[in-house]
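Welcome! Let us learn to read a structure together, one feature at a time.

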Amino acid sequence: MLARARGLVKSYRGADGRPVPVLAGVDLEAKAGEFLAIVGASGSGKSTLLNLLGLLEPADAGEVWFGEERVSHLSRRAQARVRGASIGYVFQSFLLISRMTALENVLLAGRYTGRDRRVATREAMALMERLGVAPRKDHYPPQLSGGEQQRVAYCRAVLNAAPLVLADEPTGSLDDDHARVILAELRGLCRERGTSVILVTHRPEAAAEADRVLRLRGGRFEAA
Amino acid sequence: MVGLTLRALVPRGYLFTVVGIAVGVAGLVALGAMAERITRFIEGGDRFVLGQISVAGEGMGMGTGFTAGGLLRAAKIAEIARVPGVAAVQPQVMLPLRTTTSQFLTLTQELVLGLDLTVPMPNRHYQELAVRAGRFLRPGDRGVVVLGSDFAASHKLGVGASLPVGGLTLTVVGVLDKTLTAPDRFAIVSIADARDLWLRRDPLLVQVFSSRPGDETNRLGRDDLNSGVAVAWSAGEDPDDVARRIQRAVTGVNVTIPSEVSRLLRESTAFFSALLFGIGVLGLVIGGLSLSNTVTAAVFERIGEFGIKRALGATDLHLLGEVLGEALGVSLSGGVAGAGLALAIGWLVDTRVVREGQQVFVFSPRLLAFALAFSVILGALAALYATLRIVRLSPAEAIRRGA
């Protein structure tokens, strides 16, 4: 088992100061090479679950494991190491840094993991070539279309060949053609690299690509 | 070329931060340069009074001078010269340039100083006054004048020009280098010319000078017309001791004790010192707040970027290192730009007011070095503070706030 979550609980403070429960004890397992889709209504906690699995924020209760390591309880520094080496993220709003070029954004993934810059640049260029954004490598994000930005963000997410890729509505801001490219890439990751992909989506056709679909409702999974 | 250099110095997205810092540093440097100007004036006066013993005759005042007192007659000067420890005595006449206006504002007072050049300049700290144009006075000179730089500028006079004073017309033979203290506003003439001027201007003195015919003992001669003397002490002597010796040995004179005059000078300039301190504090507060606020805002503006970087594996130390590196570069660029801006403002203002014989700013190397160090250190501290605040957030929270 590549990644597993046990009893994840999370609530946010509401406008009146009272806690608003989002996740009420979620269990999840993802195997290596598995394409897992999480669906649910808006506000059902899909993105929050992805954040907890990706160590982007702490759970109120519960555990996250990578293999045999309980990563949810590691120090901040150790969690940063896990994020850099083992997890790739694709976000709906791309989250590219606007003052960096497309290539610099992709290479950012290698900066904090101690990768040789020349090797990383070669691999980044190959990835960008494959996704058709190499000619735009020196452009800044505001100079790119939405589809191009998402492809650049995808290159950044997979540059380190992380065993787990978390994709939060990666096709939410894209037209159908660009969405198909990203979904095909994610699918290919699972098949060719054995990467485990957890996809949060509201698109039925995106969920249809998945090996398994989980539906969140009321802070827990129900059978899809 | 300039664009490339700027791009290399200033990380992308930091232009407005650099401009903000530059404005703060420019304020700091400009206020500091004004404070420096006042300091130079006070320090110059202090160096002067510590460099000689000034003696005037007993009384309430003749003309004006470094020492309050009356006429100092030639016989008294000879007595002073005989006091053990005295190396040289230079008779002087000091007169206000304008007799019709109050001279209470000593910062802007213009004076005529008559020197007896047969005696070497006795002041240990001003044995030579550097000349910017022309030459200094020579023994035997008559009808000529050497002007302080502010005096020359305000009267628009250069070498060869004429200066009419109290019925005399003096020819300018030299203009001094700027000293940033009293001599900048002096017109230096031979003591013989100064005595002539004094007699022409003071009708009462003419009566006294020509009175008591036949009373040879008390009759005034031209050599008696001295508003004071500057006394040099012999090597190895303590100037205060020599001054007290003169006090004891020569009756009917006012003697300044150098260390006491220095203390009195500092007391009398306490207002300026307080003003100076206030300007300095004001400069630090205004410049510091502007700079730290700009840097902190610039870092907080990047909160989302920090969230993304932490999602990609950046540790707190990675981010601190990156921010500090950028903050140093940005603060230094802003500091240099601010210092340049202040220099430009100072140049513009001084170019305007120098025509009136004033200089408002002194940009000393120590001031510029302090401003740069201040901007870099404060910039780094502000960046450090902002980063430490941001890294306490989870990456997801930082991304949310950045959005």
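This is a predicted model: local features need pLDDT of at least 70, side-chain atom pairs count only at pLDDT 80 or more; totals for chains, interfaces and linings use all residues.

Q: How do strands of a sheet pair?
A: In general, strands pair through backbone hydrogen bonds, and the pairing is either parallel or antiparallel. In chain A, 4 strands make an open sheet with the order 2-1-4-5, and their pairing is antiparallel.

Q: Which strands of chain A stand at the edges of this sheet?
A: Strand 2 (19-30) and strand 5 (69-70) of chain A do; each has a single partner strand, so one side of each has no neighbour in the sheet. Strand 2 of chain A is joined to strand 1 (residues 3-13) of chain A by 9 bridges. For example, V9(A) has A24(A) as its bridge partner.

Q: What packs on the sheet?
A: Helix 1 (residues 46-53) of chain A does, touching strand 1, strand 2 and strand 4 (61-66) of chain A. The direction of this helix makes about 125° with that of strand 1 of chain A.

Q: How many residues does the largest nonpolar core have?
A: That core has 113 residues, and V106(A) and V29(B) are among those with the most contacts inside it. Helix 2 (residues 15-51) of chain B gives the largest share, 12 residues. Another core, of 52 residues, lies apart from it and includes W198(B).

Q: How many residues of chain A are in contact with chain B?
A: 20 residues of chain A are in contact with 19 residues of chain B. On the chain A side, helix 2 of chain A gives the most, with 7 residues. By class, this side has 10 nonpolar, 4 polar and 6 charged residues.

Technical notes: Residues are numbered from 1 along each chain as its sequence is written. Chains are lettered from A and ligands numbered from 1 in the order in which they are written. Two residues are in contact if their C-beta atoms, placed from the backbone, lie within 7 Å. Helices (H or I, at least four residues) and strands (E, at least two) are DSSP runs, numbered from the N terminus. Ala, Val, Leu, Ile, Met, Phe, Trp, Tyr, Cys and Pro count as nonpolar, Asp, Glu, Lys and Arg as charged, and the others, Gly among them, as polar. Two strands pair if DSSP finds at least two bridges between them. Axes are lines fitted to C-alpha atoms, for helices over the stretch in contact, and angles run from 0 to 180 degrees between N-to-C directions. A nonpolar core is a set of buried Ala, Val, Leu, Ile, Met, Phe, Trp, Tyr and Cys residues joined through C-beta atoms within 7 Å. A residue is buried if 20 or more other C-beta atoms lie within 10 Å of its own, exposed if 12 or fewer, and partly exposed in between; C-beta atoms are placed from the backbone.
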